[in-house]
Amino acid sequence: MNKDIWIIAEHFDGRIRPVNSELIAFARKIPGEIKVIVIGHPVKPLAEEIARATGCDVIGLDSPAAVLYNSEVYRYLIKKLCGQDQPRYLLVPHTPFGWDYAPALAVDLGFSAIASVTDFNPGNSTFIRQILNGKLLEELKSPPGCSAVVTVMPGSVKPETEIITSPGSVRILEFEIPQLKTRTIRYLPAQPGTVNLKDAEVIVAAGRGLKVQERIELIRELASLFKRGAVGASRPLCDQGWLPLGHQVGMTGSTVSPKLYLACGISGALQHTMGMKNSGLIVAVNTDRKAPILQVAHFCVNTDLSQFIPVLIEKIRKLHE
Amino acid sequence: MLLKTMKILVCVKQVPERESRFLLDASGKGYSDQGINFVLNPYDEYALEEALLIKEKLPGTEITALSLGPARTEKTVRRALELGADRGACILTPENYYLGPGETALQIAGFSRKRGFDLLFFGIMSEDYMRGQTGPMVAALLQLPFATAVVAENISSDLSRITVERELEAGLREVAELPLPAVLTIQSGINQPRYPRLTDKLRAREQKLEAITGLEPLPPGRCAELLRAFFPPSSPAGTFLTGTMEEQAEKLIRIIREKTDVL
Ligand SMILES: Cc1cc2nc3c(=O)[nH]c(=O)nc-3n(C[C@H](O)[C@H](O)[C@H](O)COP(=O)(O)OP(=O)(O)OC[C@H]3O[C@@H](n4cnc5c(N)ncnc54)[C@H](O)[C@@H]3O)c2cc1C
Ligand SMILES: Nc1ncnc2c1ncn2[C@@H]1O[C@H](COP(=O)(O)O)[C@@H](O)[C@H]1O
C-alpha cells in the first residue's frame, strides 16, 4: 500500500460530472499524492479532459464493455489496477453509480468501506459522516495499514477552482473483460415534468412537516401569490403520491436556484439541500430549532407551518390590494 | 406443469422512530437507546412490499424476513410477518453492540448461503446509519449480481432473469438485466406499502421465529474504526425571526422585499 489517493471520476453521456471537482477539493484535504482514474470507452478524451482541467495525473481504463456504466466492469478494472499498486484511499462520489459499486469493490479488495462522508479531519485522519437524518455525526478511521474505499457525499465541499497551468499526465490501459452477469441495457431520459421549477423565481416547497395532504392547498395558494411562483417538494411527498414527481427537489429531482426558496416542514437532508442550496434567499419554516435545514437557510421561522402560512398569505394579499 | 415460485429474502432493520430525540450513549460512539421507540426501517417497507407484490403474481413464493440486532429486534421481524412475510429470522447480537457495514453484510451473507434464495431484497439505506452499503456488500460476498436504487422490476416468465430500472440523478433511469439469483436494493416510492391484514396480525403473534446466536467471526483489520459520535454545530447559520406570528410574517415580507424583487 502506498500513500496515494485515487479518485474514481464520474462521467455521463461523454461529459465529466461536476462532482469530480468536489472530490479533488476533498482529496486535497488528505495528505498524499492524488491520481484520477477514469473508466470508459473510448476513455482517452475523458482522461485528457480531466488531466487538463485538474492538473492531476490520470489513468484511463478502457474496455469495450465500459460504454455504459456497469458495476462489474468498474470492479473488475479497479481490481486489476490495484493488483499492481494499492492506494491508501479510493475516493468515489456517493452517487447512484458510486454507491452502487463502491461497497462491493471494498469487499473484493479487502479494503474497509466508509460511506457518504462529508468531511476529513487531517488532525487524526478521520472521516466525518451524518447519521440519523443529520441529527448526529460520526467520526471514523480506516485502521493503519488498511486501505479504504470512501464515498464522498456530493455537495459537502466547495468544488476545486484552482487555475491549472500545466495538465497532468495521461496513461491509458486497455483490458478485455470476461463474461459479465449484469447487462446494462440503456438509459431512460427523465419524464417531462408537469411543473417548470427551473424557471420559477419563487419556490414554495413542502415537506413531511405538512402532515396532512390537504395542506398542500396552503402551499399552492402561497406560491400563487408570486408572479413566477411554483410548488416544490421533498421526496417523501412525491413517494406518497401527494404531488407528482416533477415537483421533487434534490439529488433525484430537480436542481433549482430561484430568487426565493421557502422550505416549509423540510428537515434539510443532504439529498434535498443538494438541489436548492444555491437559491438566492432561503427561508425555512420549521418547528425544530435544530433541523439541518437551518444550516443552509438564511432566515428561519420557528413555528408550526399550518398556523404561520395562513398569516403570511393574508399579509401578502393585503400588500397586493 | 412447472410450479412457478420464488424464495425471497428481505432484510429488515430496526431503527429509531424518525421524530426521536437522541442522546449519546455511554461509549460516546452512538446514540443511547433509552426511551427510544424502535420501528421497522421505513425504507425496508418498500423492499418488503415489492416482495409481497411478486408473491401476489407468483403464489407459492416464500418470503423470509431477516433482522440483525439485539433481543428487541424480534419485534421488527414480527412486524414484517404482520405485513405478510412467511418466515422470520433474527441474528442476535449482544446489547449495545456496534455493527459496522462489513460485519452486518458478513452475517447476512452467512445466513443466506445454502438457503437457495432467488432474490435478496434490501432497503436503499437504513435510517439510522444511512450507509446504503449492506446490499452490495452481501452480493459481493455471495458473488451474486446486484442492482441498487431499483424503482421498477420485472421477472422473466421462465424465472431466470430480472429486468430492473435503477434511479439515477435528476429523474434519469438505467435499465439493466440480471440473472437470478440476484440482490436488489429497493428505492422508496417504488410502491405504496400496505397495512397489515388482521389474519396476518394474528398469525404473526403466534409464529415461531428462527433465532440465530453466535456471530460469524470477522477477518481482522478490515473494518473502519468508529471513534465517536457527536452533535452537529447547534448554532444555525441563519437568523431566527422573533416576535408574534404576525410580527414574524411582517418581518419576513420586509426581508423578501429588501433582498429580492419578487414582492
Ligand atoms: C438515494 C436517495 C435519494 C434521495 N433523493 C432525494 C431528493 O432528491 N429530494 C429529497 O427531498 N429527498 C431525497 N431523499 C430523501 C432524503 O434523504 C430525506 O429523507 C427527505 O428529504 C426528507 O424529507 P422531509 O424533509 O420532507 O421529511 P423529514 O425529514 O421527516 O422532515 C420533516 C420536517 O418537518 C418539520 N415539521 C414537522 N411538523 C412541522 C410543522 N407543523 N411545521 C413546520 N415544520 C414541521 C420537522 O421538524 C422536520 O424537520 C433521498 C434519499 C435517498 C436514500
Ligand atoms: N441490522 C440489520 N438487519 C437487517 N437488515 C439490515 C441491517 N442493517 C442493514 N440492513 C439492510 O441493509 C439495508 C441498507 O442498510 P445500510 O447499509 O445500513 O444503509 C437496509 O435497508 C436493510 O435492508
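# Close-up views of a two-chain predicted model

**View 1. Strand β4 of chain A is mostly covered.** In this predicted model, all seven of the seven residues of β4(A), residues 34-40, are buried. Buried means under 20% relative accessible area, exposed means over 50%, and partly exposed lies in between, with a 1.4 Å probe and protein chains only. Strands are DSSP runs of E with at least two residues, helices are runs of H or I with at least four, and both are numbered from the N terminus. A:I34, A:V36, A:V38 and A:G40 point one way from the strand. A:K35, A:I37 and A:I39 point the other way. Residues on both sides are buried. Residues are numbered from 1 along each chain as its sequence is written, while chains are lettered from A and ligands numbered from 1 in the order in which they are written. Local features need pLDDT of at least 70, side-chain atom pairs count only at pLDDT 80 or more, and totals for chains, interfaces and linings use all residues; side-chain values use heavy atoms, without hydrogens and water.

**View 2. β4(A) pairs with β1(A) and with β5(A).** Two strands pair if DSSP finds at least two bridges between them. β1(A), residues 5-8, runs parallel to β4(A) and is joined to it by four bridges. Here A:I5 has A:I34 as its bridge partner. β5(A), residues 57-62, also pairs with β4(A) in the parallel sense, over six bridges. In that pairing A:K35 stands opposite A:D57. From β4(A) the chain passes through helix α2(A), residues 44-54, to reach β5(A), and this β-α-β crossover is right-handed. Right-handed means that, with the strands pointing away from the viewer, the path from the first strand over the helix to the second runs clockwise.

**View 3. Ligand 1 lies between chains A and B.** The shell around ligand 1 holds 33 residues. A residue belongs to such a shell if one of its heavy atoms lies within 4 Å of the molecule. The closest are A:R208, A:S234, A:V249, A:S267 and A:N286. By class, the shell has twelve nonpolar, 15 polar and six charged residues. Ala, Val, Leu, Ile, Met, Phe, Trp, Tyr, Cys and Pro count as nonpolar, Asp, Glu, Lys and Arg as charged, and the others, Gly among them, as polar.

**View 4. Polar contacts reach ligand 1 from A:R208, A:R235 and A:H272.** A polar contact is a pair of N or O atoms within 3.5 Å; within protein, one must be able to donate a hydrogen and the other to accept it, and residues adjacent in sequence count only if both atoms are side-chain atoms. A polar backbone atom of A:R208 is 2.7 Å from an oxygen atom of ligand 1. For A:R235, a backbone N or O atom lies 3.0 Å from a ligand oxygen. A:H272 uses a polar side-chain atom, 2.8 Å from an oxygen atom of ligand 1. Ligand 1 exposes 990 Å² when taken alone, and the protein buries 92% of that. Accessible areas come from the Shrake-Rupley method with a 1.4 Å probe; for residues, only the protein chains shown count as cover. The elements giving two or more residues to the shell are α6 (235-239) and α7 (270-273) of chain A.

**View 5. A:P236 sits in helix α6 of chain A.** Its relative accessibility is 19%, so A:P236 counts as buried. A:P236 and A:A51 are 185 residues apart along the chain, and 40 Å separates their C-alpha atoms.

**View 6. Ligand 2 is surrounded by 17 residues.** The closest are B:C11, B:D44, B:S126, B:G132 and B:T134. A polar backbone atom of B:G132 is 2.6 Å from an oxygen atom of ligand 2. B:L68 places a backbone N or O atom 2.9 Å from a nitrogen atom of the ligand. B:N41 has a polar side-chain atom 3.3 Å from a ligand oxygen. On its own ligand 2 has 480 Å² of accessible area, and the protein covers 99% of it.

**View 7. B:S32 lies in the loop between β2 (14-16) and β3 (38-40) of chain B.** B:S32 has a relative accessible area of 16% and is therefore buried. Its side chain reaches the backbone nitrogen of B:Q34 at 3.1 Å. Buried residues make up 54% of the 263 residues in chain B.
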